[in-house]
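User: Hello! I'd like to go through this structure with you, one question at a time.

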Amino acid sequence: MNHPETFVENSAEFVGALKGRTTLISGACLDVFGNRFFRDLVRHSARIDRYARGTGSVLAKAVAGRHVRFATIDSDCCLDYEVGTNRIVVNREFFDQIGARLLDDIALSGFVRSVDARRFVRVAIRSAVRMVIGHELFHPAQGAPTIDVVRAAARSLGWNEFAKFDVDADVRAALVEAVLSCGEYGPVSYGKILHHFEDALAFQLRYCVPIFGCPESKPHKRSRAAALTLQLGRVVELNRKKGGVSQTEFKSVTMPLYVKFDEAYSELGVMGLDPLVYLGSFQFDKNELRPFFEQLDKGNVESLVMQAIELNTRIGLSNL
Ligand SMILES: [Zn+2]
């Protein structure tokens, strides 16, 4: 295994990044993480299939014989299949923004030794690489291989419908991340993977959601983040329970959810996406749900999870 130091440029630059709040992720580091991810998808596809709803074979097929390179792309597109080559180019801008948020967290967390801070960055950036690329690689399997097709789908179906595709890809990416990171520590089990799944979902909510944001003008983004938060609440509750996690419980809490709310923030509709199942409509006082939805893009995961667990109890999602 590579020593963490190899993944940031050098000590002077690392300290400078901490002081100046500039990016500290080298392009070579991102390329290494990306290409290892491709290799691991192929190598561990059967295990990923087993624990991540068949996602392993789909992603292994998407990356077989290909390699990845990070670059600054002059568009809002995250990932591009380079024509005429076997290369996938990933827009690195997003990872620089995550790096900046990590620097803020390091400043607050009070790491004493720089090696610990470096390790924190290394693990976090690897998670970001695996989950962002994992999400994007799944869109072609959903029938939306390019950003133009995504836009056409959203235009005709509505953004709220397309947000369900995003939630599905988010949850699959978090499960793939959970299986791969769990596998580094020996034999895997439903219970062990579920702890890594909790970390992966929390990572998405803490680092990815705030970058794209979910303002009031984009209710589909709020729905997507709220669905992930309620799901994380269910996972946290199960992880806190004593005793092992059964296959049935694992399948239940890894089921992606989707939620819809009204303009008065007083009614919540909840559905499961796999299997497709209606889970109920729930009434609240006018504006009662507003504070929860307004906090979703602040990245304050601990507070959000507490609220999600309370909400899950009130609407019965805890007992599924
Ligand atoms: Zn997407």
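This is a predicted model: local features need pLDDT of at least 70, side-chain atom pairs count only at pLDDT 80 or more; totals for chains, interfaces and linings use all residues.

User: What is the average pLDDT of the protein chain?
Analyst: pLDDT is the predictor's confidence in each residue, from 0 to 100. Over residues 1–9 it stays under 50, while 92% of the residues score at least 70. The average for the protein chain is a pLDDT of 89.

User: Is L257 buried or exposed?
Analyst: A residue is buried if 20 or more other C-beta atoms lie within 10 Å of its own, exposed if 12 or fewer, and partly exposed in between, with C-beta atoms placed from the backbone. L257 is found in strand β4 (residues 257–261); helices (H or I, at least four residues) and strands (E, at least two) are DSSP runs, numbered from the N terminus. With 26 C-beta neighbours inside 10 Å, L257 counts as buried.

User: How many of the residues of α8 are buried?
Analyst: Helix α8 covers residues 159–183 and reaches 36 Å from its first C-alpha to its last. That is close to the 36 Å expected at 1.5 Å a residue, where the expected span is 1.5 Å times one less than the number of residues. Helix α8 is largely enclosed by the rest of the structure, because the buried residues number 19 of the 25.

User: How far apart in space are V179 and R47, C-alpha to C-alpha?
Analyst: V179 lies in helix α8 and is buried, with 25 other C-beta atoms within 10 Å. Leaving aside neighbours within four places in sequence, its contacts include R47, I48 and Y51. V179 and R47 are 132 residues apart in sequence, yet their C-alpha distance is 7.7 Å.

User: Which helix gives the largest share of the side of domain 1 that touches domain 2?
Analyst: The bounds, domain 1 (1–124) and domain 2 (158–320), come from an automatic or database domain assignment. Their contact takes 13 residues from domain 1 and 10 residues from domain 2. On the domain 1 side, α3 (45–51), α4 (55–63) and α5 (93–109) each supply at least two residues. The largest share, 4 residues, comes from α5.

User: Is N287 buried or exposed?
Analyst: N287 is found in the loop between β6 and α12 (290–294). This residue has a positive phi of about 65° although it is not a glycine. With 10 other C-beta atoms within 10 Å, N287 is exposed.

Methods. Residues are numbered from 1 along each chain as its sequence is written. Two residues are in contact if their C-beta atoms, placed from the backbone, lie within 7 Å.
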